[in-house]
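User: Hi! I am new to protein structures. Could you show me how to read the inside of one?

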Amino acid sequence: MQIRFGYVAMALNIMEGSPNKTVTVTNLLKIAASADRINRLRRLTRENLANQLRVLKYNAAHDIHVFRFTSKLIPLATHPEAAGWDYTSEFADELKEIGDFARKHDMRVSAHPDHFTLLNSPDEKVIAASIEDLAYHARVFDAMGFGNEAKLVVHVGGAYKSKDKALDRFCDTFQLLQANIKDRLIIENDDKSYTARDVLTLCQRIAAPMVLDVHHHYCCNEGDELAGLWPDIAATWQGGTPKIHMSSSKEGPNVRAHADYINADEFMAFVHLAKDLNQDFDVMLEAKQKDQAVHQLMRDLEATGEVEVVDEATIAY
């Protein structure tokens, strides 16, 4: 099986490798005129888009085909201060260039809306804000020319004293979403409330792909073994290539915190349990050192002698 690796948002190995420069609402409101406030957001967006293309070119040069876009590419896009600003038309050429480049180099792209995006909240205002945030991400992907192959990762949300009712609310909200959002959603198990088993059952219920977070599973499970879950998780992709999230615990009392790099032995433990399915999959590394963690893991995996290095960010097992 072949396994590709990618990272999140910004490249640390290059100058101007951050596409998520933003401004706080407090500082934005210090600018007196509304038009000047939009100009501030416009300048940041132009810088972010230029940096984003630079990052993708770096990825292409290093055979990195899995990448997660920052949610801050268009700063404060869903805030009332940006209401009426047609950023996708204004930056249509830049967004299309980014999408064209990613497709030309066979990049699998995604985004992960922030933790406040809660489709199972009992608060209708939270639901409305969550849908607005998802619509922003979908709008950007549409402007880049992506279809539903560009995925949006979400968690189930809170338990709200009844996981069963919260799961029902998620399903109800999911069915109301517009197609350009619903067809992009992939659901991830979390590290506190919803186990891999919970999310697998949900994904089977709504016919959505599941992205397995291996670290979250070890933080939050009810005795299920991944070897038993993995074939059914992979099947939620309906013939497509599954994607997992991989991170290692940072040293210290908080086991949920992510380390700078990935422990190669921990990753190989997952490979060993997944090998019987012989299913290709992609890996999003959620490590603090971003692209550097990809390069380090590749060196560490090669040193094990268990894998064949296909290119700078792909192995075969």
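**Reading the inside**

Analyst: Let us begin with one residue. Apart from neighbours within four places in sequence, Phe5 has contacts (heavy atoms within 4.5 Å) with Ile64, His65, Val66, Phe267, Val283, Leu285, Val294, Leu297, Met298, Leu301, Ala313 and Ile315. This is a predicted model, where local features need pLDDT of at least 70 and side-chain atom pairs pLDDT 80 or more, while totals for chains, interfaces and linings use all residues. Residues are numbered from 1 along each chain as its sequence is written, and side-chain values use heavy atoms, leaving out hydrogens and water.

User: Which residues have the most contacts inside the largest nonpolar core?

Analyst: A nonpolar core joins buried (under 20% relative accessible area, 1.4 Å probe, protein chains only) Ala, Val, Leu, Ile, Met, Phe, Trp, Tyr and Cys residues through side-chain atoms within 4.5 Å. Here the largest one has 90 residues, and Phe5, Leu185, Ile187, Leu212, Phe267 and Phe281 have the most contacts inside it. Helix H2 (residues 34-61) gives the largest share of this core, eight residues.

User: And which residues lie nearest the centre of the largest pocket?

Analyst: A pocket is an open set of points on a 1 Å grid where a 1.4 Å probe fits, with protein on both sides within 12 Å along at least five of seven lines; lining residues have an atom within 4 Å of a point. In this model, 31 residues line the largest pocket, and Arg68, His112, His115, His155 and Glu286 lie nearest its centre. Its space is about 910 Å³, the volume filled by probe spheres set on the points.

Methods:
Buried means under 20% relative accessible area, exposed over 50%, partly exposed in between (1.4 Å probe, protein chains only). Helices (H or I, at least four residues) and strands (E, at least two) are DSSP runs, numbered from the N terminus.
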